[in-house]
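Work through the exercises below with the model open beside you. Try each task before reading its solution.

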Amino acid sequence: MIVTHNMQQAARVADMTAFFSVEVSDEGKRRTGVLVEYDVTPTIFTKPNDRRTEDYVTGRFG
Amino acid sequence: MRVTLQEELDGLEASLQEEGDLVKRALRGALNALGQQDEELADEVISFDDEVDRCYVGIETGIQSLLARQAPAAIDLRLVLAILHANLHLERMADYCVTIAKLTKLVRVESPDGTLLEAFDEMGSRAEEMTTVALRSLADRDAEAAEGLVDLDELIDRANRRVVQHVLSLGADPNLREWGLRMILVSRCLERIGDHAVDIGEQTAFLVSGEFREFTVGD
């Protein structure tokens with residue numbers, strides 16, 4: 001298992017990919033790690049199911 | 001957000017739309033040349049293909065560069081692939097216009113069959129409309145409108161079959177029969193232009209859904 005911010009590295013080496021992100025509470029004091037999506041790597045990088053995953057892998061945030 | 005990537009994608013999409021406009025101009029020119037048996041206009045249509053080819057190469061080169069530098073993913077990757085395929089389809093559509101122009105020059109008759117010319121005008125208008133719908137649905141990400149191209153294509157296919165039947169009934173005049181055989185090829189070109197428009201529609205559906213499927217089985 002590797003943990004990386006380098007998406008190309010993840011896309012090259014992993015059979016399965018999980019996208020983790022952070023949710024910040026309304027008042028901004030509490031930060032919670034969440035598993036957003038977990039799927040086979042081609043799906044994550046071609047047609048992710050969660051909009052947050054899509055925004056991340058396309059570079060729209062993060 | 002990677003602004004440069006978005007700008008490049010926008011630029012490629014704009015170029016594709018421009019290429020579509022060029023194809024429609026080529027189609028209209030080819031049909032006018034055919035209807036008026038205008039060899040000069042046919043030559044212009046043939047030369048005009050260089051402009052379409054330049055646009056095609058520009059898009060192809062842009063995609064190559066973008067893939068090398070930007071590593072697009074998800075919706076961006078699907079858009080790049082859709083543009084790549086649509087670009088090729090448009091270039092092929094323009095080639096069919098060139099073929100129509102060349103066929104126009106090849107055989108001339110004193111009085112071309114009016115029924116056939118009317119059929120070609122109808123097929124050409126439908127092919128033009130299909131090109132417009134294909135490119136608009138891609139721009140609008142409208143998979144439903146894209147799939148509607150199948151119905152329009154059926155109309156061209158029917159007209160194509162009518163043309164073949166009509167040519168078979170043209171009679172014994174060798175010159176007219178040779179012209180008629182060439183016109184079957186013209187009809188086939190128009191029919192294929194419609195098929196390519198449907199193929200572009202399939203790319204729109206792929207872009208929206210993430211899954212590629214043929215709109216009709218066996219075509």
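**Exercise 1.** Find how helix 3 and helix 7 of chain B are oriented to each other in this predicted model.

*Solution.* Start with the geometry. Helix 3 of chain B covers residues 74–106, and helix 7 of chain B covers residues 174–209. Their axes lie 9 Å apart, at an angle of about 170°. An angle over 145 degrees counts as roughly antiparallel. Helix 3 of chain B is therefore roughly antiparallel to helix 7 of chain B. Next, sort the residues of this contact by class. There are 15 nonpolar, six polar and five charged.

**Exercise 2.** Repeat the analysis for helix 6 and helix 7 of chain B, and name residues that meet.

*Solution.* Helix 6 of chain B spans residues 149–168. Its axis comes within 9 Å of the axis of helix 7 of chain B, and the two cross at roughly 170°. The cut-off of 145 degrees applies again. So helix 6 and helix 7 of chain B are roughly antiparallel to each other. Now list the contact. Helix 6 of chain B contributes residues including B:Leu149, B:Asp153, B:Ile156 and B:Val163. From helix 7 of chain B come, among them, B:Met183, B:Ile184, B:Arg188 and B:Leu190. By class, this contact has 11 nonpolar, five polar and five charged residues.

**Exercise 3.** Is B:Gly62 buried, partly exposed or exposed, and which residues does B:Gly62 touch?

*Solution.* Locate the residue. B:Gly62 sits in helix 2 of chain B, residues 39–70. Count its neighbours. B:Gly62 has 18 C-beta neighbours inside 10 Å. A buried residue needs 20 or more, and an exposed one has 12 or fewer. B:Gly62 therefore counts as partly exposed. Then look for partners, leaving out residues up to four places away in sequence. B:Gly62 touches B:Glu8, B:Gly11 and B:Leu12. Check one of these along the chain. B:Glu8 is 54 residues from B:Gly62, and their C-alpha atoms are separated by 8.1 Å.

**Exercise 4.** Describe the layout of chain A, then its strand pairing.

*Solution.* Count the elements. Chain A has three helices and two strands. Along the sequence they run α-β-β-α-α. The C-alpha trace of chain A spans about 40 × 20 × 15 Å along its principal axes. Now take the strands. Strand 1 of chain A (residues 16–24) pairs with strand 2 of chain A in the antiparallel sense, over nine bridges. A:Phe20 stands opposite A:Leu35, which belongs to strand 2 of chain A. Six residues lie between the strands of this hairpin. There, A:Gly28 takes a positive phi near 80°. Finish with burial. Strand 2 of chain A (residues 31–40) is hardly covered, with one buried residue among its 10. Across chain A, buried residues make up 18% of the 62 residues.

**Exercise 5.** Describe the side of chain A that touches chain B.

*Solution.* Begin with the count. The contact takes 10 residues from chain A and 11 residues from chain B. Helix 2 (41–46) and helix 3 (51–57) of chain A each supply at least two residues of the chain A side. That side divides into three nonpolar, four polar and three charged residues.

**Exercise 6.** Where in chain A is confidence lowest, and where highest?

*Solution.* Take the whole chain to begin. The mean pLDDT of chain A is 91, and 100% of its residues reach 70 or more. Then go element by element. Confidence is lowest in helix 1 of chain A (residues 7–13), at a mean of 87. Confidence is highest in strand 2 of chain A, at 96.

Definitions and conventions: Residues numbered from 1 in each chain as written. Chains lettered and ligands numbered in written order. Predicted model: local features only at pLDDT ≥ 70, side-chain atom pairs only at ≥ 80, totals over all residues. Contact = placed C-beta atoms within 7 Å. Helix = DSSP H or I, 4+ residues; strand = E, 2+ residues; numbered from the N terminus. Nonpolar A, V, L, I, M, F, W, Y, C, P; charged D, E, K, R; others polar. Axes fitted to C-alpha atoms, helices over the stretch in contact; angles between N-to-C directions. Parallel < 35°, antiparallel > 145°, perpendicular 65-115°, else oblique. Pairing = 2+ DSSP bridges. pLDDT = per-residue confidence, 0-100.
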